[in-house]
Amino acid sequence: MPELTRTLPASWYRSPGLYQLERRAVFLKSWYLLGPVTRFREVGAKVDYEIAQRPLIAFRCSGNGHFPGSHEIQVQCAKTEQSLRHNVTPTGLVFAALGDEAPDFNEYFPDLEPLLQKVNFTKLPYRHSIKYEGRFNWKTMVDGYQECLHCQYTHPSFSVYYPPTSYAVHNHQNFSQHIADPEKPDDGLFLYFFPNCTLNVYGGGMSSFRVCPTNDPNVTRMEFDYYHMESGEKFEQYFKFVRQVALEDYELCEKAQDNLVKGIYSEGILNPDKENGVSFYQGRVFELVCEQYAADQLVQAEDKEATAPQKEPVMIITDVRDRLRQ
Ligand SMILES: [Fe+2]
């Protein structure tokens, strides 16, 4: 019987030093979904983002069409106004990288385009955004998004439309597709983009959220953007439904983080079928953090004057490596 995948240890959800490693290993090397082109309709209207303590702005710089083309969108570092790389997909989604450390967009997401072609994102007008902080690590929220074992008891209203018994997650390079009902493959599009963005198209609308880590590993800022074909009552109904699901997840994450902090839970095994999305993204975090740690060690060995590494992440990584060798 193949060995079951184990979760990241609880210490990875509460260590400031480990977060600083994640920041450099994962966040500074990734691409982020900023939204569809309809988010940037008005020339000069700046939209603020902050990902892993890197503030950026995105805006439409020219044009008078119904929505901007790729060359009419600018993404900049908010501090230096330096242009950042962005990519607009053929059906109208805008992604950006935080700096030069991220690979090319098509290298990062080599097989994303065929899935995005299912939706014309230029037809989904922007309606509303909300953001707030929660007492949980960014991975606590992504863990929950990447599986649906919790759906039946946490999301009774969602489970009526999308029965968790048939729920499946298909992992690709740097993203996962969630299929709520394999009998109806065109019913909604649910995507997770590594490390912290999601896209949820269903019920005539679309929500996209970013799980933004703060410097405190126990605090995460949730940022939601909502889009819908309709305004007024139809949008309000949709909004009420999706907010209910989001608040149910929020409460679950705060409780899970309490247990991670108190030491009630240390680590466990993942269901190879029902939690394949969790093992996929956690494995990627683990691999990138270990690579970063090894690279940092090399640099420090070459530079004797370098500051000694922080003790906490060293101990955590050594602990995990020892465990894997057992
Ligand atoms: Fe959930």
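A residue is termed buried if 20 or more other C-beta atoms lie within 10 Å of its own, exposed if 12 or fewer do, and partly exposed in between, with C-beta atoms placed from the backbone. The model is predicted: local features need pLDDT of at least 70 and side-chain atom pairs count only at pLDDT 80 or more, whereas totals for chains, interfaces and linings use all residues. Numbering starts from 1 along each chain as its sequence is written.

Isoleucine 51 is buried, with 24 other C-beta atoms within 10 Å. Isoleucine 51 belongs to strand E2 (residues 47-51); strands (E, at least two residues) and helices (H or I, at least four) are DSSP runs numbered from the N terminus. Apart from neighbours within four places in sequence, isoleucine 51 is in contact (C-beta atoms, placed from the backbone, within 7 Å) with Phe27, Tyr32, Leu98 and Cys212. Cysteine 61 is ten residues from isoleucine 51 in sequence, and their C-alpha atoms are 22 Å apart.

Nonpolar cores were defined as sets of buried Ala, Val, Leu, Ile, Met, Phe, Trp, Tyr and Cys residues joined through C-beta atoms within 7 Å. The largest comprises 64 residues, and Tyr32, Leu33, Ala58, Val94, Phe95 and Ala96 have the most contacts inside it. Helix H8 (residues 276-302) gives the most to this core, with six residues. A second, separate core has six residues, including Cys148, Cys151, Tyr162 and Tyr167.

The axes of H8 and helix H1 (residues 16-25) come within 9 Å and cross at roughly 95 degrees. Axes are lines fitted to C-alpha atoms, for helices over the stretch in contact, with angles from 0 to 180 degrees between N-to-C directions. H1 and H8 are therefore roughly perpendicular (65 to 115 degrees) to each other. Leu21, Glu22, Arg24 and Ala25 in H1 meet Val285, Leu288, Val289, Glu291, Gln292 and Tyr293 in H8. Buried residues of H8 include Leu288, Val289, Gln292 and Tyr293.

Several backbone features lie in loops. The peptide bond from phenylalanine 194 to proline 195 is cis, with omega near 5 degrees, and proline 195 is in the loop between strands E10 (189-193) and E11 (197-202). Glutamine 53, a residue other than glycine, has a positive phi near 65 degrees; glutamine 53 is in the loop between E2 and strand E3 (54-60) and is partly exposed, with 14 other C-beta atoms within 10 Å. Glutamate 81 also has a positive phi, of about 65 degrees, and is exposed, with 9 C-beta neighbours inside 10 Å.

Technical notes
Parallel < 35°, antiparallel > 145°, perpendicular 65-115°, else oblique. Contact = placed C-beta atoms within 7 Å.
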